Every structure is written in structure tokens, then in C-alpha cells.
Amino acid sequence: AKHMISSYWAWWAYITPKERFKREAGILKALFTLGLSPDLIYFNEKFFIEEYVLGEKLSEIIAAGLPKGIASINDTLCAIVKMHSQHITHGDLNPDNVLVTGTGIKFIDFEYMLNPAVLTDNQMKAYDYLRFFQRLRDIDRHGLLDKHRDTILNVVSQCLENDGLAILDLK
């Protein structure tokens, strides 16, 4: 884990803010075609404009302990696999960067993308899952993760398998 974290921060040595900005716009375009991000309405060298998407942040759903929380987590996991199938990783995948909308899950804020020149595809995928569950556990005040542990583990196991990764269940 220490190597992965130090490699993650090595990102800044390899890409300029301008290049990072262009990559984020390209990722948003690619994910929009999959229905996984807001549409990129306008882009130039200095800024871009995304469409307004009506939805709730996954973090707010989990923090409130809403019944749709577990279904939203499962939907997010399926959307992560879909995103990874296009060789796109997030880098800061957490419930604040996941919108639950009437048309499905939308990922936002790709500012902290991982550097494919430093990490392998599987390392970047694993980091997305680890970051997502770390932040999810931090905001889960109602114990949704513990109450639905087996359901979530089944979905996670299937998603990781589809993503070419594996899970160790240390009960």
C-alpha cells in the first residue's frame, strides 16, 4: 500500500495541470457515451461546462441512512465495472463524486486521476475500489454496510471478478 500511495502522488511529476484538464474533459466525453457522466457542453483551453444533472450525492444518501442506500451502492459498483471496462479509472472515487440520478449513476470530479505511466491497470482499478469503500465506511453512521454485509460482498465479489480482480474475505 505504501508503494501505491507514493506512486499515486508521483502523478504530479508526469502531467501538467493543462494536460490533466484536457484528460478530464476527454474522460467526461467517453463516460457520457456510456451514460456515466454529465454531458460536456463546452470545452476550451481554460474551462469546460457540464450539463446540470438532477440527483443526489451517494454520500448524502448513505449519511441519511436512506433505504435506497444499498441499491445505490450496488448500482455504483456496476457502474465502476462499466467505467473500468473502458480503461478509465477515477483516482478519487468516493461517495461525494457519485451522483444517483433518475437515469442511473453519474461520476463527477476527475481532477485527481491516477497516472497510467506509474500504476498498472489493475492497481488503478483496485485503488478506485479501496478509496470508494474507505470513504463509504467513513460516512456510514447508520451501519448500512454492516447490516447488508453479505449482499454487498456478493456484489463486490462479482464486480471484482468482472474487473479481473479478486477479493479476500477475512471474516
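Reply: Start with Asn74. Leaving aside neighbours within four places in sequence, Asn74 is in contact with Thr151 and Val155. Asn74 sits in helix 5, residues 69-84. Keep in mind that this is a predicted model.

Me: Why is Asn74 called buried?

Reply: Its relative accessible area is 15%. Buried means under 20%. Asn74 is therefore buried.

Me: What makes His87 count as exposed?

Reply: His87 has a relative accessible area of 62%. Exposed means over 50%, so His87 is exposed. His87 lies in the loop between helix 5 and strand 4 (98-101). Its phi is near 60°, a positive value in a residue other than glycine.

Me: Why is Asp109 called partly exposed?

Reply: Its relative accessibility is 31%. Asp109 is in the loop between strand 5 (104-107) and helix 6 (121-139). Phi of Asp109 is also positive, near 60°, in a residue other than glycine.

Me: Which residues have the most contacts inside the largest nonpolar core?

Reply: They are Ile73, Leu77, Met83, Phe107, Phe110, Tyr129 and Phe132, in a core of 37 residues. Elements giving two or more residues to this core include helix 3 (17-33), strand 4 and helix 8 (149-162). Helix 5 gives the most, with seven residues.

Me: What does Phe132 touch, not counting residues up to four places away in sequence?

Reply: Phe132 touches Leu58, Ile73, Thr76, Leu77, Leu93, Asn94, Pro95 and Val98.

Methods: Residues are numbered from 1 along each chain as its sequence is written. This is a predicted model: local features need pLDDT of at least 70, side-chain atom pairs count only at pLDDT 80 or more; totals for chains, interfaces and linings use all residues. Side-chain values use heavy atoms; hydrogens and water are left out. Helices (H or I, at least four residues) and strands (E, at least two) are DSSP runs, numbered from the N terminus. Buried means under 20% relative accessible area, exposed over 50%, partly exposed in between (1.4 Å probe, protein chains only). Contact means heavy atoms within 4.5 Å. A nonpolar core is a set of buried Ala, Val, Leu, Ile, Met, Phe, Trp, Tyr and Cys residues joined through side-chain atoms within 4.5 Å.
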